[in-house]
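I opened this entry to look up where the annotated site sits. My notes follow in the order I took them.

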Amino acid sequence: MVKVGVLALQGAVIEHIRSIEASGAESVVVKSVNDLAEVDGLILPGGESTAMRKLIDRNRMLAPLQAFAAEGKPMFGTCAGLILLANKLVAYDSAHIASLDATVERNSFGRQVDSFETKLSIKGVAEDFQAVFIRAPHIVEVAAEVEILASHEGRIVMVREDNILGCSFHPELTDDHRITKYFIGMVEESLAKHKNL
Ligand code: GLN
């Protein structure tokens, strides 16, 4: 069984842990560099990206997280997690983990719609995924090698670049585990690839 970690410094951790378990993989709460070494793939949850970054620095995890992605191990950022993964942020000089070649804008769905739900068609995952957006970011621009998996009203809300997956919304807040299962599939594929090397 593959081991999927959830970065557990701040944010919606327990919901992802439940979704991983419901999808038939082993979940690991990741709070340190040592925990990170135990997992085959990592989910960066939603929450507040500035607070998460402070805790990443405090726990000396920035370089190890960047190395995890560079080694080809799958990472999935949801909402604030997507912000952590992007290599460019609108109106900020610097990025965080910067392993996804995309420009992301924070809190970009406007004040009047801080939070909303909508059904999304997600390439290779689902035609009718109920997506929960909470003060969500969106993806403004992506590099050529980044695949767009879903858009909402002309805005990109889910992408994949090889081993990196990111979405604007919170897939862990419903009982629909198809996105978590898709990510677990990425983790299984990456493990099989590394065994064959
Ligand atoms: N607005 C948050 C941020 O900028 C993200 C919101 C979320 O993760 N639900 O970090």
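Predicted model: local features only at pLDDT ≥ 70, side-chain atom pairs only at ≥ 80, totals over all residues.

I found His170 in the loop between β12 (164–167) and α6 (178–196). I then checked burial. His170 has 24 C-beta neighbours inside 10 Å, so it counts as buried, the cut-off being 20 or more. I listed its contacts, leaving aside neighbours within four places in sequence. They are Ala12, Gly46, Thr78, Cys79, Val132 and Ile134.

Next I looked up the annotation. The unreviewed UniProt entry places the feature "active site" at Cys79, His170 and Glu172. These residues are spread over 94 residues of sequence, yet they cluster in space, with a largest C-alpha distance of 11.0 Å.

I moved on to Cys79. I located Cys79 in the loop between β4 (75–78) and α5 (80–85). Cys79 counts as buried because 29 C-beta neighbours lie inside 10 Å. Not counting residues up to four places away in sequence, Cys79 touches Gly46, Ile134, Ala136, Pro137, Ser168, Phe169 and His170. I noted Gly46 and Ile134 in the contact list of His170 and also in that of Cys79.

Last, I looked at the whole chain. I recorded six helices and twelve strands. The C-alpha trace spans about 45 × 35 × 35 Å along its principal axes. Of the 197 residues, 46% count as buried. I also checked contacts between residues at least 6 apart in sequence: 66% of them join residues at least 24 apart.

Note on methods
Residues numbered from 1 in each chain as written. UniProt positions renumbered as here; feature names shortened; annotations may be inferred. Helix = DSSP H or I, 4+ residues; strand = E, 2+ residues; numbered from the N terminus. Buried ≥ 20, exposed ≤ 12 C-beta atoms within 10 Å, placed from the backbone. Contact = placed C-beta atoms within 7 Å.
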